[in-house]
Amino acid sequence: MTAKADGAFRTISEVSEMLDVPAHVLRFWESKFKTLAPLKRNGGRRYYRPDDVDLLVRIRDLLYRDGYTIKGAQNLLASGDEGEGRPIGTAPALQGQLHEALALLSEAQADIGRIKASLGT
């Protein structure tokens with residue numbers, strides 16, 4: 001199969017394979033994210049523009065990598081604030097848990113240092 005140009009439209013199966021997301025999930029996201037509107041030809045066949053694919057990548061990353069809910073990702077995309085002022089890859093709901101975990105790890109590291117010092121190693 002020959003590679004398509006960067007600006008070429010892609011079918012749902014091509015996008016599904018490219019993003020490693022099942023086609024039914026892409027159709028579901030289309031119903032939840034109104035800005036995602038691929039071209040539909042005869043018989044309802046979908047063709048995704050490069051901008052559609054970029055949006056799908058952002059949606060996939062927000063949901064699967066960053067831990068956002070559908071509603072959270074909708075709000076974030078609608079606000080245009082995609083992570084400004086946040087640690088990369090961290091959803092706001094998880095930031096508190098991350099800080100707590102880092103504090104616990106820091107305490108554990110200090111405890112290990114004290115134990116090592118008491119053992120003389």
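**Helices of a predicted model**

In this predicted model, helix H3 has these buried residues: Asp52, Val53, Leu55, Leu56, Ile59, Asp61, Leu62 and Leu63.

Biologist: What covers the buried residues of H3?

Modeller: Buried here means under 20% relative accessible area. The cover over the buried residues of H3 comes from helices and a strand, including H1, H2, strand S3 (46-48) and helix H4 (70-79).

Biologist: How far apart are the end C-alpha atoms of helix H3, and what should its residues span?

Modeller: Helix H3 covers residues 50-65, which is 16 residues.

Biologist: Which residue just after H3 takes a positive phi?

Modeller: The place to look is just after H3. A positive phi of about 80 degrees is found there, at Gly67.

Biologist: Is H1 roughly parallel or roughly perpendicular to H2?

Modeller: Helix H1 (residues 12-19) packs with helix H2 (residues 23-32), their axes 9 Å apart and at an angle of about 105 degrees. Angles of 65 to 115 degrees count as roughly perpendicular. H1 is therefore, relative to H2, roughly perpendicular.

Biologist: How many residues of the contact of H1 with H2 are nonpolar?

Modeller: H1 contributes Ile12, Val15 and Ser16, and H2 contributes Ala23, Leu26 and Arg27. Among the residues of this contact, 1 is charged and 1 is polar, and the number of nonpolar ones is 4.

Biologist: Which pattern does the protein follow along the sequence?

Modeller: The protein has 5 helices and 3 strands. Read along the sequence, they give β-α-α-β-β-α-α-α.

Terms used:
Residues are numbered from 1 along each chain as its sequence is written. This is a predicted model: local features need pLDDT of at least 70, side-chain atom pairs count only at pLDDT 80 or more; totals for chains, interfaces and linings use all residues. Side-chain values use heavy atoms; hydrogens and water are left out. Helices (H or I, at least four residues) and strands (E, at least two) are DSSP runs, numbered from the N terminus. Axes are lines fitted to C-alpha atoms, for helices over the stretch in contact, and angles run from 0 to 180 degrees between N-to-C directions. Angles under 35 degrees count as roughly parallel, over 145 as roughly antiparallel, 65 to 115 as roughly perpendicular and the rest as oblique. Contact means heavy atoms within 4.5 Å. Ala, Val, Leu, Ile, Met, Phe, Trp, Tyr, Cys and Pro count as nonpolar, Asp, Glu, Lys and Arg as charged, and the others, Gly among them, as polar. The expected span of a helix is 1.5 Å times one less than its number of residues. Buried means under 20% relative accessible area, exposed over 50%, partly exposed in between (1.4 Å probe, protein chains only).
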